[in-house]
Amino acid sequence: MPLVQCQPAGRRGSNKTQLHLLLLFLSVLQTHGYIIIPPDLKQAPKITVQPVSHTAFSLDDVNLACEGSGDPAPSFRWVKDGKEFRRELFESGTLTAEVKEELRSYQGSYRCYVANELGTAVSDLAHLITEPIPTLAKEKRQKTRSFEEGESAVLYCNPPKSSVTPKIHWMDIQLRHIPLNERVTTSLDGNLYFANLIVNDSREDYTCNAHYISASVILPKERISISVTPSNSVVKNRRPQLQKPAGSHSSYLVLRGQTLTLECIPKGLPTPEVQWERMDSPLSPARVRMLKYKRWLQIESVSEADDGEYTCTAQNSQGSVKHHYSVTVEAAPYWTRRPEDHLYAPGETVRLDCQAEGIPTPNITWSINGVPIAGTDSDSRRHVSSGTLILTDVQYSDTAVYQCEATNKHGNILVNTRVHVVELPPQILTADGLVYKATEGQTALLQCHTFGSPQPKVDWEIFNSGPALANAKMSQTSDGNLQISDVSEDDSNMYTCSVRHSNRSISAELQVLNRTKIVDPPQDLRVLRGDDAVLQCKYTVDHKLKQPTIQWKKDKHKITSSANDDKYSEYTDGSLKITDVQMEDSGIYSCEISTKLDSVSATGSITVQDKPGSPYSLGLSEKKDRSVTLSWMPGAENNSPVSEYVIERKEEQNPEKGRWEEYRRVPQDIRHLEIHLQPYNTYHFRVRAVNGIGMSEPSPPSDSYSTPAAKPDMNPENVTTVSTDSNSMVITWQELEQRQFNGPGFKYKIYWRQASGSSPHWKESSASNPPFIVNGTGTFIPFEIKVQAVNELGVGPEPDAEIGYSGEDLPLEAPSEVAVTELNKTTVLVRWSPVSMESVRGHLLGYKIHLRKKGPRTHSRRSLPMQEPAADRNRVIVVHGNKVEMVVSDLQFYSNYTLTVAPFNSKGEGPHSKAYHFSTPEGAPGPVSFLTFESPSETEMTLRWGAPNKPNGVLTGYLLQYYEPVPGISSEQLMESINLPLDTEFTLKGLNPQIQYHFMLRALTAAGDGEPIEIEGATLLDGEPPSAINIEAGQTSVNVSWVPGERQRNFAFSFRYLKKRVKENEEDQVNGAHTKKDGEFGEYKSLESDNEKCSTNQQSVCESKSSSNDSLADYGDSVDIQFNEDGSFIGQYSGRRDPNGHATHGSSGATSPINPNMPPPSISFPTSVTGFLGPN
């Protein structure tokens, strides 16, 4: 990175010499003061334009440039093939042809000599080749060349011979390029090669166009016609062979700096793939390019490191072929060190160092003013050592132009060096007070250019530190500049440059700044096509530097963003955003952060990944009646390797398969596949590729391929009978798919005969589809049956016979010897004798046990059983198979049962066995049906209950137990256990109104105690009764509402009403009930008489009655309705509490009106009720 130099404001002017010799010092520098130069200082000649070797096709092409400079102005002369050519030229030395001369007379090797009084400069050797403009000889129209599909072919170009290699273009008659690919490619000699031919290659206008660029002529060759016909026989795959180069080994000699191209053009079917290798080391992607679909390996600017052995391998499914290339690299001479032009003072020693390399090693010779030293007078002051010319004690007469020339068999090179012996006083050309800026780690160059003859010597010093060369990091160049490597902040200082033995000096300042850094470089990204990508390039710069410039490059080409293109977006932090990345966006990306002092760069990459490209070039080969070989070429992998290929096919003849369906998946290294086909069908194929991103679009479909018809290959499966009628047989089978028909006229041939062997001959018929019915077979007769596939070309293979049966009928025989054995009180084992198989008249599926419960053995008036559902009274137990016994469980205690057994088949049940009667023993009873209570006084409680729904025997009484809590512990103390008779109510007296009692009631039989039912309650309720009772009467309803009083426990509200006659003489009938007299209650036995006292929770109702104009005694019917405080309905139109509502089995009396364990009152409970009344 060049250093920034800040010059002081007070410069004293400048002067620039016009002498080219001095421009070596003055081209980029300002002078310090005036340079004192003698006005008569002259300049030796210098060649500024060199002649170039070329081919001339006409006199106009003869143009050998030669231009030069010097003071005095030089003259020009030419030497051709070692002899003087033409006269001396002035002003310009460019050589052109004379109009009268023949073109061929100019062919030869030329040198230009440029001379003035200070010396002579010599040009490079230029070769001029002359030849006529290439033309085409008259050609006969070639006959059409015929090929079979799959063969290889070569179309020869044979352009006219010339020293200039033409550029070859194969085109059609409409000047469109012939498409090139792995299968079709061109060679260095211009020929067109086909690895294998396809029918589409047939055309009549293959034209080779040879373009001679320097001659400005394009020569179209005669058109070539080829015809490719499908082979009548199956096209065989072909092993790879090399069309070019021939043989197994070839050698190449290439010169350093030239371009090497190795060819490997194979033929074969399928098209071979080409792989290149280097035997002694891996191929470097940076050095090697693969061109022409890997048919060419090219190395540009060859170096000695490219010398070695290379191989090409062409491979397809049939084999491989390999070719070896021996590459030898040699070199024409090239400079490794050149002598430079200089001013010298008399008496100095001049060393002109000239070094060159080449293969073979070049020979170095010296000349003075174009005359070889060997041909001049010997001078002891002049000698050559290892290519270096040494002149001692030079004099003014040694001023000249010296030529160094290096030569080997591959060419020669020449360099002119001007030596000017002159004496001039020393001067410093660099301005004083310059400020140099550098960043840490750089190499700083503090300039101190001098002028004089002899060359002035200078010394550098550091302010307050002494000589600069005492610092190991500092060195002085041959022209007096101070070089400081790996600068740091400690090197910031003032420096002085002084000319020895004079009073001339300058000062310079060095400022070292922080170097620019990239702190977040771009990464290697993998991006899906269509996504956005962001490459980071965050940086830091010294605060003394201005904002740096940021330059992004892709593959070394600059990226520019514009307002009209949103592809690239650059941000101030250095990052780059690429939107909607596509495959072409893959590459190496670099960001360069540049300041005036330094620059830093970092690279990353974007690899755009996508689903693979679709395979192409689908081909069908090895076409047979039942198979075909499908081949294809892979599409682009899109930076994600292909893992497998999916082969899809479509069948035209099969409507169900008339769409594309996946046939098979194969690994990525397979490019062809044998596909098995069904006869009498037309197939299409296509291929998809799969990689880590997804599946490609399908390839273009292959050509269709039709297979001939054939006899069926298979018969239907699952041949069986599904007969339902007792005198027929229904034969059915699994139909074949249409693609299995194999030909036209497809149908099924059905065969059957009795399996008993009474008729050895098969009966047969045909059908297009199942089922097939055979009538008049008899009941459940075994038959041999078989079904065979048939079409117009013949029958399928001989089918195997299956056993089928005609239809079944109901069994004829009932089981006998039915017996029952008791296992426990509710489980028995039922046994029976089987029926004969002949009587089943079908496949015996098993037996059914019909069990009927007739009722309890005895019952009392107080223990009437509940009405049971029919499903509980009648059960059917199914016994599958040939079993003749079954365990029957879940019977009811103390019950009478009857059972029968019947066989069954698919047609139904047969006759039942004789009924068998048995009884179950008595068991412990179930829980009582309900348990409730009332509290007549503060010390009494009346319990009421219902008999068990399942007495399971003869009830003998009840057992009542009640408990009271024990303070301080969680358990309860049994107060009393009372055996009760068969009554259903009992009053306890002498109870404590402050205690919540726990009651438990069981029913008893001779078999034991029943399950208990539990309830909790106390004798009194606390709190206030409801108030603000309001009654709203409608025609057929009454709405009663109230306001609840304060209370601590949950309880029920009870309502009662009586129905009064509206008309004196009208009879009161309610839903068919008998007529009631005025003031009588109805048949609701749960209501108390008028003389009964109102309980605590009915005081409001009593008050309502006493304050009403109509006495309850004036009403006929009554209703008692109860609600819990939380709103749950607990009463019914009977005046008696619902037995099921007040207590549940195993509960604690959740619906008890005085249960203190009830949940707290709801904030939303009913405070009104509507009752619908009858019309009377």
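Which residue of strand 66 stands opposite T720? T720 faces T732.

This is a predicted model, in which local features need pLDDT of at least 70, side-chain atom pairs count only at pLDDT 80 or more, and totals for chains, interfaces and linings use all residues. Residues are numbered from 1 along each chain as its sequence is written, and side-chain values use heavy atoms, with hydrogens and water left out.

An open sheet holds 3 strands in the order 65-66-69, with antiparallel pairing. Strands are DSSP runs of E, at least two residues, numbered from the N terminus. Two of them pair if DSSP finds at least two bridges between them. Strand 65 and strand 66 share 3 bridges. Strand 65 and strand 69 stand at the edges with a single partner strand each, so one side of each has no neighbour in the sheet. Neighbouring strands are turned by 15 degrees on average, direction ignored; the axes are lines fitted to C-alpha atoms.

| Strand | Residues |
|---|---|
| Strand 65 | 717–721 |
| Strand 66 | 728–734 |
| Strand 69 | 772–775 |

**The cores.** A nonpolar core is a set of buried Ala, Val, Leu, Ile, Met, Phe, Trp, Tyr and Cys residues joined through side-chain atoms within 4.5 Å. Buried means under 20% relative accessible area (1.4 Å probe, protein chains only). The largest core has 23 residues; L446, W460 and L510 are among those with the most contacts inside it. Strand 47 (505–513) is one of the strands that each supply at least two residues. Strand 47 gives the most, with 4 residues. L510 touches residues including Y436, L446, I484 and Y495, not counting residues up to four places away in sequence; contact means heavy atoms within 4.5 Å. Another core, of 22 residues, lies apart and includes M941 and Y997.

Terms used:
Axes are lines fitted to C-alpha atoms, for helices over the stretch in contact, and angles run from 0 to 180 degrees between N-to-C directions. Buried means under 20% relative accessible area, exposed over 50%, partly exposed in between (1.4 Å probe, protein chains only).
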